[in-house]
Amino acid sequence: MTTTRDDVTPGLDESRPSAVPDDVAAAEPSRAVTPRRQWLAPSTWLPPVWQERLGGWWLVARGAIVRVAAVIRPLGWVAIALAVILWFAAFAYGWDEALVGAAVVTVVIAVSIPFLFGRTAYEIGLDLTRTRVVVGERAVGGLTLTNATSRALLPSEVVLPVGSGRGVFDVPRLAAGETHEELFAIPTSTRGVLAVGPVSVLRGDPLGLFERTHDRRQAVDLFVHPRTNSLDGLSLGHLRDLEGLPVQQLERDDVSFHALREYQPGDDLRHVHWKSTARTGDVMVRQYEQTRRSHFVVGLSTTPDEYREPDEFELAISVAGSVGLRALRDSRVLDARVQRGALRADTGRRFLDALAGLEHSRPREGGVVSLAGAMATQTPDAAVAVIVTGSAVDAAALRQACARLPYGVRVLAVIADLRVDAPTLRRVADADVVTLGTLDQLPRAVRKVLS
């Protein structure tokens, strides 16, 4: 039999004998063409209808497993693992002691499970007398549970989460229509926003192996405001508001007189200059330069590297809150800013709410210099600017921050330093720099600046 060149596979040498057996060589083309059958994957051998059913069953089974696992407490997992180990040791090694221990643990688990069942259909009312308190005050509230069913409810426990902790209340047996009330007080030692609730009805065994909860009420936010000091008798920016600071924009009505011009339709007749009108024969009105209102800006640096300890940061927040509240009481336009942006400061309550949830900023968001730059960019028409920072800030950085604010703005920098026994005042460029050790020193320090 003659073999032509077209019958030879390219890349093979005819002169060399093949090391591959003939039966393997014959089977090689079919192995390359036909892929290996993945019989373990249901998508390759199950019909689409069964694939869909299998997926639905798996979702149901996974949900059931999650619900069952949520009921078991850590001590319950230990008991289950101990039972499994003892049963294995009893059957594998024939230990009678292990058999007795496995039976005892299994009975304990079986007896604890029925405690999870029972009706928990309470109508729960959660009431806080005040949702906003100051650090150190107690938030008082009440919890009311009513059996609105036609049957009696067995004793149970109610869990009230407060922040990272929780309170547990014992609820006695309630007859149909009966009501039980619990009063509680929440101590506040740190500033923050605490989530009170959701109230959960707890059912479990006396040993604490299993626990079942049902959320019956939405959570309520409790705002713990920072401490503030009332700056009575002080009014930063009041002088600037009376005199006004003229700018290039002209207005029909203001306090800074600029020039006279001819009357135009719509002008207020109260601004007619009658002497010039009589002299020229044309109606002449006064023209004014626009003056800035007392726009108050408070910049609070939240960079952790600028504070030596956490209490300095809390003091800085209290200083910023005290100054901002004084500005709002004086009907000033308040703009409060941190590294992450502006804080809501249209009212005193919202301003303190924003300070209550304030946290440290990230290092990449910049320090007091970046904060001053944002203040100058976002509020160029400010009359008074107050910068609050910590004692670890560099003197050069503080000077650069004060220099970034627009010219003509009265700048006050407040440094929180717990090592200071009495407030000190110094000048940095055109800014007044006050160093405080306690919040009570703020009114006296501000009086020094205004004197």
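Buried means under 20% relative accessible area, exposed means over 50%, and partly exposed lies in between (1.4 Å probe, protein chains only). The legends below use these words for a predicted model, in which local features need pLDDT of at least 70, side-chain atom pairs count only at pLDDT 80 or more, and totals for chains, interfaces and linings use all residues. Residues are numbered from 1 along each chain as its sequence is written, and side-chain values use heavy atoms, with hydrogens and water left out.

**View 1. Salt bridge between Asp-432 and Arg-427.** A salt bridge is a side-chain nitrogen of Lys or Arg within 4 Å of a carboxyl oxygen of Asp or Glu. Here the N to O distance is 2.5 Å. Asp-432 has 10% relative accessibility and therefore counts as buried. By the salt-bridge rule, the count comes to 10.

**View 2. Salt bridge between Arg-191 and Glu-314.** The closest N and O atoms of the two side chains are 2.9 Å apart. Arg-191 lies in the loop between β6 (179-187) and β7 (192-196), and Glu-314 lies in helix α8 (residues 310-329), so the pair ties together parts that are 123 residues apart in sequence. Helices (H or I, at least four residues) and strands (E, at least two) are DSSP runs, numbered from the N terminus. Arg-191 counts as buried at 15% relative accessibility, whereas Glu-314, at 28%, counts as partly exposed.

**View 3. Salt bridge between Arg-261 and Asp-267.** The N to O distance between these side chains is 3.0 Å. Both Arg-261 and Asp-267 are buried.

**View 4. Aromatic pair of Trp-87 and Phe-91.** Rings of Phe, Tyr and Trp (its six-membered ring) pair if their centres lie within 6.5 Å; planes under 30 degrees apart count as stacked, over 60 as edge-to-face and the rest as tilted. The count by this rule comes to 5 aromatic pairs. Trp-87 and Phe-91 are stacked, at 5.8 Å centre to centre with 20° between the planes. Both residues belong to helix α4 (residues 74-93), where they are 4 residues apart, about one turn of the helix. Trp-87 is partly exposed at 30% relative accessibility, and Phe-91 is exposed at 65%.

**View 5. Aromatic pair of Phe-88 and Tyr-93.** Phe-88 and Tyr-93 form one aromatic cluster together with Trp-95.
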